[in-house]
Amino acid sequence: MALGGSQGGASIMDLHSGALSFNDKFINVYAQKKHNVLTPTDLAVYKLVRTKIQNAIAETFGIDINSLFLTHPTFFSRLTSLEAVTPHDEYWHAHIDKHTYESFHYTSLLYLNDYGVDFKGGRFIFFNDISNPTKNVTVEPRKGRVSMFTSGSENPHSVERVSEGLRFAITVSFTCDPLKAIQDPVLK
Ligand SMILES: O=C(O)CCC(=O)C(=O)O
Ligand SMILES: [Fe+2]
């Protein structure tokens, strides 16, 4: 993220393509010769973590592990309290992941820092009944906490605006469609 970043409130780095937010566009950090953005250790950790999440999703939702595949995109996110510059920065709107990312069947979020300590605001909210806020379910990000859910219209959600600090997370997504499967990134 230190190599780029959006001028607005939301920056992402796609682990597979190397796309990194840079002002109001993207650059490819993997295109640099001998980049050191990801080390072999980082990749080994990523593979271990995504395999654990994949196993947890298969077990929780009762899916055969051989029918659950990693899909695109899988990305780090950094959210700040800055005003949005492009619509991509407006991370606080309610949405359905499958509308944004057609191949998603299961979304997982791994939080990398702590709500209330590293940042204020930035809680994750499920809208179980859009007309009844008492039915909302709130997830407070905490380092190492993983949230997993089906990506369809049954799970509309949003992220509260961050009011202070920096919020880091990684989104790892899965599909049951083998044609949409992707492999773990490899260092070139
Ligand atoms: O970072 C989060 O807690 C959720 C982000 C999100 O909803 C998304 O990327 O679709
Ligand atoms: Fe989402």
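In the predicted model described here, F124 has V159 of β11 as its bridge partner. Residues are numbered from 1 along each chain as its sequence is written, while chains are lettered from A and ligands numbered from 1 in the order in which they are written.

F124 belongs to the setting of strand β8 (residues 124-126), which is joined to β11 by three bridges in an antiparallel arrangement. Strands (E, at least two residues) and helices (H or I, at least four) are DSSP runs numbered from the N terminus, and two strands are taken to pair if DSSP finds at least two bridges between them. In general, the strands of a sheet pair through backbone hydrogen bonds, either parallel or antiparallel. The order β9-β8-β11 describes an open sheet of three strands with antiparallel pairing. Because β9 (137-139) and β11 (157-159) each have a single partner strand, they stand at the edges, and one side of each is left without a neighbour in the sheet. On average, neighbouring strands of this sheet are turned by 20 degrees against each other, direction ignored; the axes used are lines fitted to C-alpha atoms, for helices over the stretch in contact, and angles run from 0 to 180 degrees between N-to-C directions.

Strand β13 pairs with β5 in the antiparallel sense over eight bridges, and R78 stands opposite F168 of β13. Strand β5 spans residues 69-79 and contains P73, which is joined to H72 by a cis peptide bond with omega of about -5 degrees. Five bridges also connect β5 to the antiparallel strand β2 (residues 10-14). Within this pairing, F76 is the bridge partner of M13, and D14 stands opposite F75.

Strand β2 is mostly covered, with five of its five residues buried. A residue is buried if 20 or more other C-beta atoms lie within 10 Å of its own, exposed if 12 or fewer, and partly exposed in between, with C-beta atoms placed from the backbone. In a regular strand the side chains alternate between the two faces of the sheet. In β2, A10, I12 and D14 point one way, whereas S11 and M13 point the other way.

L3, in the segment before β1 (5-6), is exposed, with 12 other C-beta atoms within 10 Å. L3 touches L20 and V29, residues up to four places away in sequence not being counted; contact requires C-beta atoms, placed from the backbone, within 7 Å. The C-alpha atoms of L3 and L20 are separated by 8.2 Å, although these residues are 17 apart along the chain.

Terms used. Predicted model: local features only at pLDDT ≥ 70, side-chain atom pairs only at ≥ 80, totals over all residues. Contact = placed C-beta atoms within 7 Å.
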